[in-house]
Amino acid sequence: MAEALPAQYDPRETEPALSEWWEREGFFRVGAEGEDPPFSVLMPPPNVTGELHVGHALFVTLQDALVRWRRMQGDAALWIPGTDHAGIATQMVVERELRTEGLTRHDLGREAFLERVWAWRERAGDRILHQMRSIGASPDWSRLFFTMDEARSRAVGEAFVRLFEDDLIYRAHRLINWCPQDRTALSDLEVEHEEDAVGELWSFAYPLADGEGEIVVATTRPETMLGDTAIAVHPEDDRYRELVGRSVRHPILDREIPVIADEILVDPEFGTGAVKVTPAHDFNDFDVGERHGLEKINLLDEDGTLNEAAGPFSGLDRFEARRAVKERIAELGLERGSREHTLSLGRCQRCGTIVEPFLSLQWFVRIQPLAEPAIRAVENGDTVFVPETWTKTYMRWMEDIHDWCISRQLWWGHRIPAWYGPEESVFVARTEEDAYRQARERFGPDVRLRQDEDVLDTWFSSGLLPFTSLGWPEKTRDLERFYPTTVMETGFDIIFFWVARMMMMGLHFMGRVPFRTVFLHAMVRDEKGEKMSKTRGNVIDPLDVSEEYGADALRFTLLSMAAQGRDIKLSLDRVAGNRAFANKIWNIARFALSHLEEDTSGEVGDGGQAELMDRWILSRAARVSRETSEALERFRFQDAASGVYAFIWGELADWYLEMVKPRLYGDAGEESQARARETLRTVLDTAMRLLHPMMPFVTEEIWQRLPGSGSEAPALAVAAWPEPPDHWIDEEAEAAVAELQGVIGAVRALRAEYGVDPGQRVALHLADAPSSLRETLRTSERTLSDLARVERIEFAPADGRIGATEVLPSGVEVFVPLEGVLDLDQERERLRKEMARVENLLRGTEGKLGNTSFVERAPAEVVEREREKRDSFRDQREVLDRKIRVLEGSRE
């Protein structure tokens, strides 16, 4: 006999051992040489600070399923793993650690602080990778990168220099998003907007400089009036036409401010029709300042306190200054009231601090020349989005894109490769040595330079990864073979942070899109559809789930719920159900292996001599193989999972094994037994291959025990994907077994409905059955006996007999006589009592619902429950009535 499986499947023992074995044997390694078609996927690099959360578990599962499938198809399936240095997040972690020691990074200095971060990274940096291994991730671990390793750092510097040389990177005083807590610039995407925040719209008056009146303006940020440098009105607003060109006097700082006309900024129908202009602290006002050449007065220091430009309010926190300014204006008699106002409030994505528009000298990427090719590439179909609905979202954002602020006021990250010298000179260079070479040519040998203190936005280096992970800027064989990558699978929430930037960078540096397909998965929520959060207490830890139920159960649950464009409502009950599925598979295999010989080849014939059940299960295996391939090709993971599940549990276990057991036990002779063994081995092998991308551990463990498995490949992970021959498809066998299943199902349903004892055998009458069904049933008498407890079949009407009837979809009437099977008098009495009970309950419910007072005053959910009870009682009454009439001899 074949090698037996243990009585119980223990994922905690099996999974770590297999994961280690796969990696040790190098099954996932892919070389640059070879003729197999390339299939490449870049793993979205998790933050080096990260712990595996359910979002990671989803992307690992989806990507791993794709890669395992294509590996089995014979592709050179390269999955490139890595981790991201996560600039702000990592620096914050280490700074918190320092605070416990009473230190700040400034106490250590830049070099010592960076040494501390690298040491922390060595301790903690690969934790999440080990966690990914634990749920079956199968990338080529030998290619593991870190976004700040030597190769990536050199590539980032090269990219910066080339963009600068192409006039696509520039340095300028611009208004940017600033986080006073983290003291760094933020890109637009790093600001989360609270759209319906409630604030105060506060009005005050600016006296005209000549004392002949006033102009009333309103603001939600009163402290910014200290930086006002103009009052704007609409040029066609008759109320202010005569005031354009005149000035108002600042009531606190005693300076004059011009009144200007600007038709872009001002809506004459809103408020007073006059707008205060603060070019250094509002993005719209900055544009006005550019159009009119206004002074830009920066009021803030980096920590959010007001600087000396704020006059008497210097040193105050911005919110303290807000109160103080309002009080001072009120004292001057210039306050003109306030009202509640709904506004969009920007907060730092990382720490939640209210963001300030801040005038600062920063580095920017000139984005429009990069965005245009990325738009055309999607329009031309060079890259497609799945689900396709995301195409419009991508296009809308790309067509309204702004220059990208890429400098960050941090120490941890890729330091900007720019050096400053005399006379405000700037030298952008690949190395410090190259910067000095340029500077000496201009200023002589004694010149001294200092490097820019800032680092690059983390997403800058991430945007280069589709090609830097393959060796760019060198012209490597890896780049030649695996770029563009085949699929980018990631969350929809980073379509702009990452996907769009990879598109722009890939097209600019490589001349081709970075990936052919972008598959965007949805969000994993709790079973009620709520977003998971620690404050709600509904976070599902994938490591805990994997420990309790097994990684396969978690993976299969995620895949089976990953419908395109629909959030996953994850419940532990579903995971537990799929742990039961793993156990079912294990028990199927244990039973099968107990009947397979070591030399069972699994070679099945062309169907000529095969018995009906063998032909049927082979045909179903062939169809499911094709359907699974098609589903995975279209990223319909839930269809692939549900199809394989239904085949293994619903067809292989519930039908084929039950129908074939007598033959496996030798009841039908040695030749039939041998054919059953060969078919079972073949179908179980096919099932394990189909399921492997989704549940790699249990399938590998079983497949290793199948007779002859090792002759093809050392592991299921590198075995061939099933491609059954065309002759396995047998429509005649499928139709015949479908009819047989229909009859068995009908008999089982009737037995259950009338409470026939499980051990009681029954007769079966089929009137007007076609010859094909008669032949199928005649050759399946043992199956009918075993699965439906049928003792005999009669192909004639059961005239005058009392019994139960079911009509098949084909119109054939299935009749089971009940005389001699049930005590008809006793059963009729029981049913009448049950009918009386149900009718009594129904009257009570209908009485409540007929009471207008109850319907109007009771809570809606209570009324709805009563309606559901009424409908249920009506259904029960209808069923009972039919049963009583049947037992009284009526078959109407």
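This is a predicted model: local features need pLDDT of at least 70, side-chain atom pairs count only at pLDDT 80 or more; totals for chains, interfaces and linings use all residues.

Trainee: Why are helices α1 and α23 called roughly perpendicular to each other?

Mentor: Helix α1 (residues 11–24) and helix α23 (residues 696–703) pack at an angle of about 80°. Angles of 65 to 115 degrees count as roughly perpendicular, and α1 and α23 therefore receive that description. Their axes are 10 Å apart.

Trainee: Which residues of α1 and α23 meet?

Mentor: From α1 these are Thr14, Glu15, Leu18, Ser19, Trp21 and Trp22, and from α23 they are Pro696, Phe697, Glu700 and Glu701. The residues of this contact comprise five nonpolar, two polar and three charged.

Trainee: What makes Ala717 buried or exposed?

Mentor: Its relative accessible area is 0%. Buried means under 20%, so Ala717 is buried. Ala717 belongs to the loop between α23 and α24 (731–753). Beyond residues up to four places away in sequence, Ala717 touches Trp22, Phe28, Arg68, Arg71, Met72, His692 and Glu700.

Trainee: How do you know that strand β9 pairs with strand β12?

Mentor: Pairing requires at least two bridges. Four bridges join β9 to β12 (residues 274–277), and these strands run antiparallel. Ala230 is opposite Val277 in β12.

Trainee: What makes both faces of β9 covered?

Mentor: Ala230 and Ala232 on one side are buried, as are Ile231 and Val233 on the other.

Conventions: Residues are numbered from 1 along each chain as its sequence is written. Side-chain values use heavy atoms; hydrogens and water are left out. Axes are lines fitted to C-alpha atoms, for helices over the stretch in contact, and angles run from 0 to 180 degrees between N-to-C directions. Helices (H or I, at least four residues) and strands (E, at least two) are DSSP runs, numbered from the N terminus. Angles under 35 degrees count as roughly parallel, over 145 as roughly antiparallel, 65 to 115 as roughly perpendicular and the rest as oblique. Contact means heavy atoms within 4.5 Å. Ala, Val, Leu, Ile, Met, Phe, Trp, Tyr, Cys and Pro count as nonpolar, Asp, Glu, Lys and Arg as charged, and the others, Gly among them, as polar. Buried means under 20% relative accessible area, exposed over 50%, partly exposed in between (1.4 Å probe, protein chains only).
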